[in-house]
Amino acid sequence: MKQYANVITAYAIMISLIILVGIFQSWNIAFSIFNLCLISAVMTMGANIQWGYAGLINFGIMGYTALGGLAAVLVSVPPVREAWQVGGLSMLFCLLVIVLIVFSIRYVLKNFQKSKRKNIYIASIIIIGLIILRVVSGPAIHSIEAVEPAKTGFLGGLGLPIIFSWIVGAFFAGGLAYIVGKVALGLRADYLAIATLLISEIVIAVIKHEDWLARGVKNVIGLKRPVPYEVNLQSEQWFIDLVAKWNRGVLDLISTAEEKQAALSQLVIESSSVFVKICYSGLFLIVVIILLFITQKALYSPWGRMMRAIRDNEEAANAMGKNVVKQHLLIFILGSAIVGIAGAMMVTHDGLFTPGSYRPMRYTFLIWVMVIVGGSGNNFGAILGGFAVWFLWIEAAPIALFLINLFTSGLADTNTFKLHLIDSVPYFRFLMMGIGLLLIMRYRPKGILPEKINIK
Amino acid sequence: MDFLNAIILLLNYIFVPALAYGSQLALGAIFVTLIYGILRFANFATGDMMSFGTMVAILFTWYFQSLGISLGVLPTALLAIPLAVVFMILYMLTIDKFVFSYYRIKKSPPVQLAMVSIGVMFVTQAIVRIIIGPFDRRFFDGEKFIIKANQFKEMTGLNEGLTIKSTQVITIFLTIIVVSILFWFLNKTKTGKSMRAYSDNEDLALLSGIDPKRVVMITWMIAGILATIGGVLYGLDKSFKPFTYFNNMLPIFAAAIVGGIGNPFGAFLGGYVIAFSEIFLTYAYKKFFMYVLPESMEPNSLIQLLSTDYKFAVSFSILVVVLLFRPSGIFKGKIL
């Protein structure tokens with residue numbers, strides 16, 4: 001128990017901070033912060049597996065998040081029959097062509113000696129394949145995008161419940177990680193960082209501009225929810241009864257029946273959105289707990305020991321007969337898959353997919369700040385990092401506003417300097433993140449909750 | 001005649017813009033490469049440091065404009081560059097003193113320094129946005145064009161016009177001056193040679209009495225000059241927006257790595273490689289072929305290899321390919 005004291009304290013502080021937000025701002029805000037904290041925690045766990053367990057630096061988190069989001073769209077949106085009719089077959093044919101290209105390249109790579117001829121074969125396969133793709137897909141894409149461009153203009157998805165997309169998202173991200181890992185994992189640490197960062201930008205570029213896939217920058221809105229809608233809740237009798245019971249103390253103070261009814265309906269509207277958020281929290285919490293359980297088990301298993309050995313001394317682990325390359329690839333895929341889950345969760349929570357909003361600042365570097373601040377190599381630390389940094393990210397503006405008002409209280413309200421500072425309040429979050437990261441790196445390089453390995 | 005028209009077309013839409021853009025990238029790439037070669041880490045704050053320098057230059061430009069000082073046909077910002085450079089160098093040295101030097105003395109692994117540079121990136125970004133805001137700023141004044149399309153058409157009697165913006169000429173001109181001074185400095189002066197020695201083998205350089213503090217300081221000074229000039233030139237040519245500058249970090253990295261990171265000459269060429277391939281691959285060649293080919297063979301599609309949306313993706317793909325087949329870059333890296 002004693003060894004967990006700092007973990008418990010840190011989490012208690014975090015939870016009470018969120019409760020304070022609930023009391024002083026509103027429960028709605030508190031739960032939306034809590035939900036995004038949970039999503040961030042999942043992302044951080046993914047990054048932590050790669051960085052903390054294996055020392056692999058992955059600056060492509062944004063790409064995997066976006067792929068998870070894409071999975072949410074492709075799973076939940078009902079298929080657009082008209083688009084399938086005009087272009088579906090050609091797109092399937094293109095998929096087949098891509099598979100053929102990949103397999104024929106593999107065939108050439110395996111069965112030919114290293115020579116100029118081999119290179120020419122590969123190059124010609126790629127060029128011919130690309131030309132076929134261009135010729136087949138061009139008109140198909142054109143006609144797909146012409147199908148009701150204001151509403152659909154894409155192939156649509158499978159029309160399944162959106163929850164499935166969390167698993168599909170993991171597979172998407174894992175698949176990309178397999179390709180990236182095969183290609184880039186041999187690179188040195190900082191090269192790997194830059195390569196993954198750029199690859200994630202390519203992924204975003206593709207999602208943004210291939211409108212037939214997920215409408216690109218036109219966004220997909222109104223995704224189905226796994227939880228009830230506020231409007232439906234407000235007319236459910238059991239929910240109204242629940243709200244009435246919960247707020248009995250307040251309602252009893254009101255004397256006239258009419259006013260009581262008005263207050264109750266107001267309360268129902270307010271609590272319905274809180275209730276929806278609580279439902280999401282429950283779902284996300286289940287994911288976080290399952291992942292935490294699995295990752296903790298993995299960390300203390302022989303496999304976890306091997307990963308640490310590889311991280312701390314690659315050559316020695318290699319000499320002991322561990323397949324470093326294979327394990328690196330495996331952990332790269334696993335970590336990215338978890339990030340993919342988080343990406344799908346995020347789109348599920350927002351109910352919309354906006355490829356334009358994926359920016360490296362928010363989805364890559366912020367997640368890295370979370371990992372470093374929380375404590376790399378420690379799952380509890382990673383989750384805490386996700387919570388603390390996201391909380392600060394959201395609450396930075398109010399805090400900055402308070403501080404500015406405090407320090408410039410001597411100045412008049414019309415002072416241009418003061419007004420300018422107040423106008424730029426949103427950017428203080430970057431300042432806080434940066435300074436926080438620098439301070440942690442300097443004075444507590446292992447994070448708030450450092451990695452602690454107790455051998456039983 | 002048609003052939004001449006085709007050449008002018010390519011000059012106008014590919015060659016001149018790519019040369020200007022490539023020069024801007026090249027300056028940034030040399031900055032990245034110097035930091036990587038001498039301080040031994042990938043500086044993720046590159047784009048934001050450039051935007052800091054540009055911001056200072058813009059503030060001075062505004063100040064000069066309010067005083068009524070101008071350079072006539074040239075943009076006032078050129079006058080502000082020296083002052084901006086001073087501020088940029090001061091900022092970089094401050095950051096080095098309070099942030100980077102600790103890890104350098106501790107001999108932390110490069111990855112840790114790269115992480116620290118992310119912290120610096122956040123802070124710099126915040127400072128720039130707090131001071132000047134996140135909006136698009138144009139600070140160009142003076143004569144905009146050297147040759148206008150219409151003038152050119154009248155002069156030569158061709159169908160295609162050639163537009164040369166003064167910012168493009170200034171960019172190319174300044175880049176040539178800065179880069180040649182830099183190479184002269186690195187190759188001919190004693191300080192430059194000591195920097196190269198330090199980059200090549202730190203321990204040996206220390207043994208032969210090279211003062212590491214001085215080397216680091218001069219590196220930051222050169223970096224400050226490059227970052228400011230590169231940033232201001234980009235801002236003059238296009239416009240200044242902190243977010244764009246942050247994004248520019250990516251093609252700059254690509255240029256530095258393609259050229260062989262740690263090799264300034266490679267980085268210089270890498271900038272042009274990236275710029276030219278971006279524009280070559282995303283340009284629609286329809287009109288070009290209309291001039292060159294006989295009428296019966298005229299193309300009816302755009303003849304565009306990739307849509308312009310993938311402009312950035314092109315440079316990144318080049319980078320990935322280079323990393324795969326020649327991890328040390330086209331021109332062997334790691335020798336300054």
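This is a predicted model: local features need pLDDT of at least 70, side-chain atom pairs count only at pLDDT 80 or more; totals for chains, interfaces and linings use all residues.
**Group meeting: chain contacts, domains and a helix pair**

I will begin with the contact between the two chains, which takes 31 residues from chain A and 35 residues from chain B, two residues being in contact if their C-beta atoms, placed from the backbone, lie within 7 Å. Residues are numbered from 1 along each chain as its sequence is written, and chains are lettered from A and ligands numbered from 1 in the order in which they are written.

On the side of chain A that touches chain B, the elements giving two or more residues are helix H6 (164-184), H7, helix H16 (360-374) and helix H19 (428-443) of chain A, where helices are DSSP runs of H or I with at least four residues, strands are runs of E with at least two, and both are numbered from the N terminus. H7(A) supplies the largest share of that side, 12 residues. By class, that side of chain A divides into 25 nonpolar, three polar and three charged residues, with Ala, Val, Leu, Ile, Met, Phe, Trp, Tyr, Cys and Pro counted as nonpolar, Asp, Glu, Lys and Arg as charged, and the others, Gly among them, as polar.

H7(A) also takes part in a packing within the chain: helix H3 (residues 61-76) of chain A and helix H7 (residues 189-209) of chain A pack at an angle of about 30 degrees, with their axes 8 Å apart. That makes H3(A) roughly parallel to H7(A), since angles under 35 degrees count as roughly parallel. From H3(A) the contact uses A:Met62, A:Gly63, A:Ala66, A:Leu67 and A:Leu70, and from H7(A) it uses A:Ile199, A:Ser200, A:Val203, A:Ile204 and A:Ile207. Of these contact residues, eight are nonpolar, two polar and none charged.

Turning to domains, the assignment for chain A gives domain 1 (2-79 + 156-443) and domain 2 (80-155), with bounds that come from an automatic or database domain assignment. Their C-alpha centres lie 34 Å apart, and the contact takes seven residues from domain 1 of chain A and 11 residues from domain 2 of chain A.

Finally, chain B has 13 helices and two strands, and its C-alpha trace spans about 70 × 55 × 35 Å along its principal axes.

Definitions and conventions: Axes are lines fitted to C-alpha atoms, for helices over the stretch in contact, and angles run from 0 to 180 degrees between N-to-C directions. Angles under 35 degrees count as roughly parallel, over 145 as roughly antiparallel, 65 to 115 as roughly perpendicular and the rest as oblique.
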